[in-house]
Amino acid sequence: MKRDTEIAEEAAGWIDRLNQPAFDAAAGPEFDAWMAASPRHRETFADLQAVWESETLAHALRQPEALVVMPSLRSHVRFPRLRYVVPGLAAACAALAAVLILPSVTTTAYRTGVGGGRTVVLADGSRVDLSGDSELRVQILPWARAAELVRGEAFFDVRHENARTFEVASGTTQVRVLGTASNVDRQSPTRTAVVVYRGAVDVAVAGEHDLVLRKGDAAHVVDGHIAAQPRTAETAPAWKSGWFEASNVPLGVLIDKVQRYSTRPIVVRDRALLTLPISGRFRISDTARALQAVQVAYGVTISWGRRVIAIRPTDASRRR
Amino acid sequence: MPAPLPHIEDIAGATPEADWRTVASTLSRYVRARTSRADLVEDVVRETLSRLVQQSRVQKLVSVYALGFRIAASLLVDHHRRDSRYVAEREEEPASQAPLPDRVLAGRQELALLQAALAMMPPLRRDVLVRRRLQGQSCAAIARELGLSPKAVEKHITRGLADLHKAMRGDGFARGAAQ
């Protein structure tokens, strides 16, 4: 008879495996067989899954002492090889590594170059409009639809399905789409903006802080916190016609957007400028116009080099 | 509590390898642990089962249990969302630091047990759990960033989870010493 610990570790292995972005279809029957094998398997898995997903665990993990790991500790706690091997799981993780490193058959990547947008229709009938210099990875599985916005901005017109939600990840932000039209803008790894034009979405950060957005709602996720934004009456995001509406957005975010359309690199010479809050409507598809608007409104100096466009504070004393 | 099983007769034989009654009782154990609202359990399990049955008619399910747990989890989120809608309704307000209902009601004791179990773990294991659960990082990314092998990452996750499970069952944290 198996020890409790052994069963718990097998169950934990399955939980981890089921949570992988690329769950191998062949593992499905294997998992069902493991669950069917014994009531203790089923009970342990159900209990562990509940613990793993619970808010209480997230809360406990968020305690400061649990967040720091000293690099020097690594060598001390490395496990002897093959000591606690959970059968099957090792193979799963190795396979996952392969999936992430090698081009995968199950994930489709869509990329756009500078200045170019693109519309794609996914296997489930949903439509995605990608902005310039963006990358989206999509996985449509029998039980889940998932997309990851690796870079840039995308407008989703998702086909509603009851059993399969459509989830978009952007950094630590997860947007759960419930059959709707919505825009997801990955402004930086820790900053994502979401606007809903039809239907509703559920926004979460690392599985926490749910917020439901309905038609016309907008929200920013910045460094793990969700903040509601002014509502919009538009029916499609401004970027689709080459515009960007900024309301108290760091200059760095605007520059990234202008960069999506400019073949010349735009360089900001002063780090402090990147966080300068700006507001207004900018024509990002027209590099010169957008940057001139910034120059006039925010007192920066722009030099239009042949290779590089440079932005620096106008005030000479700050330049040094 | 026996879970209600609609249409069980209709589908007998449709998915011979799945014993729906067993699936239902497993799911209700999970749902009971996830929510503090006893009145939800029956609804969620019944709805999950009926969706599973529907799906299994349309196509061969890759895994009855995997899909079942996913549907149940997403129904729980739906219910919580319905509960928190009033909060979201108040617009312009800096939104949703508000905890989900199950977090408010989950006993402090549970939290204390988990915290104690986490405190007993090697810091590296805790870090791996934080990255996997809170930050949603993949095994491979964690391995890369912490300079571990993918196998070591799995071991931290499985042993960490097993420790948490043990703590929740109240049989102490003597595990490290026993090894």
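Eleven of the twelve residues of helix H7 of chain B are buried, so this helix is largely enclosed by the rest of the structure. A residue counts as buried if 20 or more other C-beta atoms lie within 10 Å of its own, as exposed if 12 or fewer do, and as partly exposed in between, with C-beta atoms placed from the backbone. The buried residues of H7(B) include Leu124(B), Val128(B), Leu129(B) and Val130(B), together with Arg125(B), Arg126(B), Arg131(B), Arg132(B) and Arg133(B). After H7(B) comes Gly136(B), which has a positive phi near 65°.

The model is predicted; local features need pLDDT of at least 70, side-chain atom pairs count only at pLDDT 80 or more, and totals for chains, interfaces and linings use all residues. Residues are numbered from 1 along each chain as its sequence is written, while chains are lettered from A and ligands numbered from 1 in the order in which they are written.

Helices (H or I, at least four residues) and strands (E, at least two) are DSSP runs, numbered from the N terminus. The table gives the spans of two helices, from first to last C-alpha; the expected span is 1.5 Å times one less than the number of residues.

| Helix | Residues | Span | Expected span |
|---|---|---|---|
| H1 of chain A | 4–18 | 21 Å | 21 Å |
| H7 of chain B | 123–134 | 16 Å | 16 Å |

In H1(A), the buried residues include Ile7(A), Ala8(A), Trp14(A) and Arg17(A).

**Confidence in chain A**

The pLDDT, the predictor's confidence in each residue from 0 to 100, has a mean of 77 in chain A, where 81% of residues reach 70 or more. Confidence in this chain is highest in helix H3 (residues 39–53), at a mean of 92, and lowest in helix H5 (residues 74–77), at 28. Residues 65–88 of chain A stay under 50 in pLDDT, and the model has 29 contacts beyond four places in sequence for them. The pLDDT is also below 50 over residues 94–105 of chain A, a stretch with 14 contacts beyond near neighbours in sequence. A contact means that the C-beta atoms of two residues, placed from the backbone, lie within 7 Å. Where pLDDT is low, the predicted coordinates should not be read in detail.

**Strand pairing in chain A**

Two strands pair if DSSP finds at least two bridges between them. Strand S4 (residues 135–140) of chain A runs antiparallel to strand S1 (residues 108–111), joined by four bridges, and Tyr110(A) has Leu136(A) as its bridge partner. S4(A) also pairs with strand S5 (residues 145–157) in the antiparallel sense, over six bridges; here Glu135(A) is partnered by Arg151(A).

An open sheet of three strands in chain A has the order S15-S18-S17, with mixed pairing. Strands S15 (266–268) and S17 (300–304) of chain A are at the edges with a single partner strand each, so one side of each has no neighbour in the sheet. Neighbouring strands are turned by 20° against each other on average, direction ignored. Three bridges pair S15(A) with S18(A) (residues 309–313) in the parallel sense, and Val267(A) stands opposite Ala310(A).

Helix H9 (residues 287–298) of chain A lies across S17 and S18, running at about 150° to S17(A). Such angles run from 0 to 180 degrees between N-to-C directions, with axes fitted to C-alpha atoms, for helices over the stretch in contact. Gln295(A) lies in H9 and is partly exposed, with 14 other C-beta atoms within 10 Å. Beyond four places in sequence, Gln295(A) is in contact with Val300(A) and Ile302(A). Its C-alpha is 9.8 Å from that of Arg312(A), 17 residues apart along the chain.
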